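Subject: Structure handover

Hello,

Please find the structure below.

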Amino acid sequence: MGDDDYMNEEYHDRPCYRPVAEIGPGELADALKTLAGFSENTVLVMQAHQLGMVDNLLNALEDEVMRHQADDDPPREQMALLGAMSPMWIYAAYELQRTWRQRCEEVIRLADNGGLDYKASHLERDLGYRHYDRELRAQQLRDAQQRPELVEQMRADLRRTEIAFTMLEFIRVCQIPVLRTRIVSSIACRKAGRLLSC
């Protein structure tokens, strides 16, 4: 196997990223809503749409910075904004996934222990005022109680998203200072990887 064969093999092992221009404004939220128990939670859906809007903004900003990076007067304001917003996007994406995963893990644990009915009843008790999140959570638990396949789909979706969540967690915890100081080079690598792997 020569060097060229090795390079070709390495090239095919990379993930294939779609060009940013092909990604629709609602695709991130639509993808997240396919996860079991996600679309039933209006707060998570709202946050997914907000995350998608910021993602589209960051994609456009990244393209702008990349186009003018080698100019005599690079777009420093856009670079600073990108450097500030990228870590916030990472935090928001992490928290959205963490919240969904935590809710799924709770449903699975309660289903395994036979505690769905007890927890739903506890959430449904009268507090003297209306608490929408408790009502929503109780309804989700009742749905899981009536539809065991929902619990199994949650298990599958948790497994399916584990690697991506762990990577996001790693970036959030370990790489934020690196991202802030090397944001332009990381964008360049991401764009180059997207172009090379397609």
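**What was found**

Tyr94 is buried, as its relative accessible area is 6% (buried means under 20% relative accessible area, exposed over 50% and partly exposed in between, with a 1.4 Å probe and protein chains only). This is a predicted model, in which local features need pLDDT of at least 70, side-chain atom pairs count only at pLDDT 80 or more, and totals for chains, interfaces and linings use all residues. Residues are numbered from 1 along each chain as its sequence is written, and side-chain values use heavy atoms, with hydrogens and water left out.

**Confidence**

pLDDT is the predictor's confidence in each residue, from 0 to 100. Its average over the chain is 82, and 80% of the residues score at least 70. Among the elements of the chain, helix α5 (residues 116-124) has the highest mean pLDDT, 95, while helix α8 (residues 183-197) has the lowest, 43. Over residues 177-198 the pLDDT stays under 50; the model has 40 contacts beyond four places in sequence for them (contact means heavy atoms within 4.5 Å). Where pLDDT is low, the predicted coordinates should not be read in detail.

**Overall make-up**

The chain has eight helices and zero strands (helices are DSSP runs of H or I with at least four residues, strands are runs of E with at least two, and both are numbered from the N terminus). Of its 198 residues, 34% count as buried. Among contacts with a separation of 6 or more, 74% are between residues 24 or more positions apart.

Helix α4 has 38 residues and reaches 55 Å from its first C-alpha to its last, close to the expected 56 Å at 1.5 Å a residue (the expected span is 1.5 Å times one less than the number of residues). Gly114 follows α4 and has a positive phi, near 70°.

How many aromatic pairs does the structure hold? The structure holds one (rings of Phe, Tyr and Trp, the last by its six-membered ring, pair if their centres lie within 6.5 Å; planes under 30 degrees apart count as stacked, over 60 as edge-to-face and the rest as tilted). The rings of Tyr94 and Phe165 have centres 5.4 Å apart and planes at 15°, so this pair is stacked. Because Tyr94 lies in helix α4 and Phe165 in helix α7 (residues 148-181), the pair ties together parts that are 71 residues apart in sequence. Phe165 counts as buried, at 10% relative accessibility.

Thr166 is also found in helix α7 and counts as partly exposed, at 36% relative accessibility.

Arg101 lies in helix α4 (residues 76-113) and is buried, with a relative accessible area of 6%. Not counting residues up to four places away in sequence, Arg101 touches Leu158, Thr161, Glu162 and Phe165.

**The cavity**

A search of the whole structure finds one cavity of 30 Å³ or more (on a 1 Å grid over the protein atoms alone, a cavity is a set of points where a 1.4 Å probe fits but cannot get out, and lining residues have an atom within 4 Å of a point). The largest cavity holds about 120 Å³ of space. It is lined by 14 residues, of which Gly37, Glu40, Arg137, Gln140 and Met154 are the closest to its centre. Two or more lining residues come from each of α4, α6 (132-146) and α7, and α4 gives the most, with four.

Regards

Notes:
On a 1 Å grid over the protein atoms alone, a cavity is a set of points where a 1.4 Å probe fits but cannot get out, and a pocket is an open set with protein on both sides within 12 Å along at least five of seven lines; lining residues have an atom within 4 Å of a point. Grid points are joined across faces, edges and corners, and a volume is the space filled by probe spheres set on the points.
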